[in-house]
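Please examine the structure shown here before reading the notes on one of its strands and its pockets.

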Amino acid sequence: VWKESEFSAALSAAKRESMASFGDEHMLVEKYLTRPRHVEIQVFCDTHGNGVYLFERDCSVQRRHQKVIEEAPAPNFPANIRQQMGEAALQAAKAINYVGAGTVEFLYDEDGSFYFMEMNTRLQVEHPVTEMITGEDLVRWQLDVAEGKTLPKTQSELTLTGHAFEARIYAEDPANDFIPCSGTIEALHVPVNSEFVRIDTGIAQGDEISPYYDPMIAKLIVHDDNREQALSRLQQALEQFHLAGFSTNIGFLHNLACHES
């Protein structure tokens, strides 16, 4: 419903439908966010009761409810909200005695309010953007925690530097509802790894991409001093990323990276 006057009639209609279908008229009422952003917090806890949050990632650019471009830090994100969301995420992790790397996902509304969605109890696909802005090796952190060591840094020792983007390279056809593709990689040219550009992948020319696995075949990560420069790096790197043999989303990602909004 869009206004209070619509609520009673809509609730009654929903209850009638539910009772007729399931013999149960209990309702779950949820707040509807018209322009939400998907902002998540990287948390890390050890076996000694220590916990930190490594700032946030904005993963709002999605297709088919899956992320395609992630960035850190979140743009136009006030420092006080960063602290509030980070502390809320850490509180959630500590409430379940969590150990290791985890991601607490939130919906962030235009008015500055945010709502818990879920916690992913692992290191996520987009963790490299957090590594880029913090200068930390989160896989190394995982191994240290697994060995019973304390976290390498406290909250006050963590710093946020520059801006990072990650683009997920998929074997899919954006023009055909992003349907997954398979085939042989006939040619492959990727941007050169540097302090600004990182490629995470396990593919090579001649490899067969089968239909039996997730269609994501590579991750392109860029970092620079600010968002504008990082976005320019992303555009350039996508222009240098070429793959032949089947459809990919590289052109689609480049269009996104160059889009005014």
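The structure is a predicted model, in which local features need pLDDT of at least 70 and side-chain atom pairs count only at pLDDT 80 or more, while totals for chains, interfaces and linings use all residues. Residues are numbered from 1 along each chain as its sequence is written, and side-chain values use heavy atoms, with hydrogens and water left out.

- Strand β1 covers residues 37–45; strands are DSSP runs of E with at least two residues, and helices are runs of H or I with at least four, numbered from the N terminus.
- Eight of the nine residues of β1 are buried, so this strand is largely enclosed by the rest of the structure; buried means under 20% relative accessible area with a 1.4 Å probe, protein chains only.
- β1 pairs with strand β4 (residues 100–108) in the antiparallel sense over nine bridges, where pairing requires that DSSP finds at least two bridges between two strands.
- Within β4, T103 is the bridge partner of Q42.
- β1 also pairs in the antiparallel sense with strand β2 (residues 51–63), over six bridges, and F44 has V52 in β2 as its bridge partner.
- Five residues lie between β1 and β2 in their hairpin, and G49 in the turn has a positive phi of about 90°.

**Lining of the largest pocket**

- β2, β3 (66–72), α5 (227–239) and α6 (250–258) each supply at least two residues of this lining.
- α5 gives the most to the lining, with four residues.

Note on methods:
Buried < 20%, exposed > 50% of the residue type's maximum accessible area, 1.4 Å probe, protein only.
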